[in-house]
Amino acid sequence: FQSESLNCPPSRHRVPTLHSLPPPAHSSPPQPSPTMRSHVLRIRMRAMARATISAKLRKRDYRKLWIQRIGAASRRYDVPYNRLIYGLASQQIELNRKILSELAITEPYSFRGLAYLAYDANRTAGGFRLMRAPGDEQVDNLAEGEQSDRHME
């Protein structure tokens with residue numbers, strides 16, 4: 001094979017370069033047919049709609065979780081959830097449910113203070129009467145190192 005190639009003139013053995021090749025017939029990618037395009041658009045729109053629905057459901061689930069956490073923590077201090085929210089709003093304390101939930105978990109003493117403020121606001125507004133201030137013996141016992149039965153639940 002090499003002997004034959006050596007006998008040929010050198011101009012015939014050029015390797016084609018990118019510039020010497022003819023341009024491709026279509027320089028852009030092939031376009032889908034109109035029916036295929038509408039099918040793809042329908043799939044994309046359906047995916048966007050499902051993503052929106054999922055995001056709304058996820059927000060709803062988180063809000064339910066926060067409300068359950070706040071309700072459980074406020075019942076620990078004998079203040080119902082609705083009275084806690086009403087009392088905080090009447091005291092013009094603007095904390096959203098996510099932050100209240102985090103406070104109830106990570107800062108129980110701060111949450112106790114908020115529960116007391118809500119209790120006080122409800123008491124002065126004639127909202128409800130409790131036998132004692134919220135969480136008096138529970139948090140005080142915890143501060144001394146004792147654990148009450150209510151906190152073990």
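This is a predicted model: local features need pLDDT of at least 70, side-chain atom pairs count only at pLDDT 80 or more; totals for chains, interfaces and linings use all residues.

Residues are numbered from 1 along each chain as its sequence is written, and side-chain values use heavy atoms, with hydrogens and water left out.

The protein chain holds 6 helices and 0 strands, where helices (H or I, at least four residues) and strands (E, at least two) are DSSP runs numbered from the N terminus; read from that end, the order is α-α-α-α-α-α. Among contacts in the protein chain with a separation of 6 or more, 61% join residues 24 or more positions apart, a contact meaning heavy atoms within 4.5 Å.

The accessible surface, computed by the Shrake-Rupley method with a 1.4 Å probe, comes to about 12100 Å² for the protein chain, and 56% of this belongs to carbon and sulfur atoms. Of the 153 residues, 19% count as buried (under 20% relative accessible area, with exposed over 50% and partly exposed in between, for a 1.4 Å probe and protein chains only).

The whole structure contains 3 aromatic pairs, that is, rings of Phe, Tyr and Trp (its six-membered ring) with centres within 6.5 Å. In one of them, the ring centres of Y116 and Y119 lie 6.1 Å apart with planes at 35°, so the pair is tilted, since planes under 30 degrees apart count as stacked, over 60 as edge-to-face and the rest as tilted. Both residues belong to helix 5 (residues 108-124), and because they are 3 residues apart there, about one helical turn separates Y116 from Y119. Y116 is partly exposed at a relative accessible area of 38%, whereas Y119 is buried at 6%.
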